[in-house]
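I opened my notebook to go through this model from the overall fold down to single residues. Here is what I looked up.

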Amino acid sequence: HPGKKLIFMGSEFGQPEEWNHDTELSWNFTSDPMHAGVRHLLRDINTLYQQDRALFARDFTSDGFRWVIADDRTQSVFAWLRFGAAGDAPVLVLCNFTPVPRYDYRVGVPEAGFWAEILNTDASAYGGSGIGNCGDTEAIASGSHGFPATLALTLPPLAVIALKRMG
């Protein structure tokens with residue numbers, strides 16, 4: 001989403017209870033494998049955020065963000081694009097808010113060609129099921145959602161994926 005990001009204390013390792021200013025964080029959870037997955041996910045998101053200009057270059061202008069899918073109530077999916085400077089590849093973000101994987105989910109994109117899956121919050125390294133798009137997928141030159149090309153994606157359950165046009 002546009003704007004600056006914020007997490008609350010304890011979110012970086014998935015602290016189960018709400019933060020309390022009268023006690024310290026539950027650091028003992030950092031050694032649990034599932035909580036370590038949350039920590040690794042946050043690390044990877046921060047690295048991605050620093051490396052990909054589409055995720056921050058136009059935070060304060062309306063042309064840095066465009067909805068692709070904002071009305072799929074039946075499948076509980078949202079999709080949007082983030083844009084960097086001229087010449088930067090856009091980043092497509094999709095959220096599946098259901099515990100049901102979505103296979104062959106069609107979404108419009110600005111360009112045909114290969115799109116790399118640069119983030120999958122359901123990756124097994126983060127404690128997820130490992131459902132995804134095997135690294136990359138190809139958009140075909142067939143219009144959808146007001147764009148000239150279409151991706152057919154696997155959307156993992158209760159997850160967010162991000163893809164970037166390659167080449």
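Before judging a helix, I noted how its expected span is worked out: 1.5 Å times one less than its number of residues. The model is predicted, so I kept that in mind throughout.

**Helix H1.** I applied that rule to H1, residues 33-51. With 19 residues, H1 reaches 27 Å from its first C-alpha to its last, close to the expected 27 Å. At its start, I found a side-chain oxygen of Asp32 within 2.9 Å of the backbone nitrogen of Met34.

**Buried side of H1.** Which residues of H1 are buried? I listed His35, Ala36, Gly37, Leu41, Leu42 and Leu48. Next I asked what covers them, and strand E5 (113-120) is included in the answer.

**Fold.** I counted one helix and eight strands. Along the sequence, the pattern reads α-β-β-β-β-β-β-β-β. Among contacts between residues at least 6 apart in sequence, 61% join residues at least 24 apart.

**Overall size.** The C-alpha atoms fill a box of roughly 55 × 35 × 30 Å along the principal axes. A compact globule of 167 residues would have a radius of gyration near 15 Å, and the protein's 17 Å agrees with this. I also noted that 40% of the 167 residues count as buried. The accessible surface comes to about 9,300 Å², with 57% of it belonging to carbon and sulfur atoms.

**Cysteines.** My search of the whole structure for disulfides found zero. Is Cys95 buried or exposed? Cys95 counts as buried because its relative accessibility is 7%. Cys134, at 80%, counts as exposed.

Conventions:
Residues numbered from 1 in each chain as written. Predicted model: local features only at pLDDT ≥ 70, side-chain atom pairs only at ≥ 80, totals over all residues. Heavy atoms only, no water. Helix = DSSP H or I, 4+ residues; strand = E, 2+ residues; numbered from the N terminus. Buried < 20%, exposed > 50% of the residue type's maximum accessible area, 1.4 Å probe, protein only. Contact = heavy atoms within 4.5 Å. Polar contact = N/O pair within 3.5 Å; in protein donor to acceptor, adjacent residues only side chain to side chain. Disulfide = S-S within 2.5 Å. Rg over C-alpha atoms; globule rule 2.2 N^0.38 Å. Areas by Shrake-Rupley, 256 points an atom, 1.4 Å probe, with all protein chains shown as cover.
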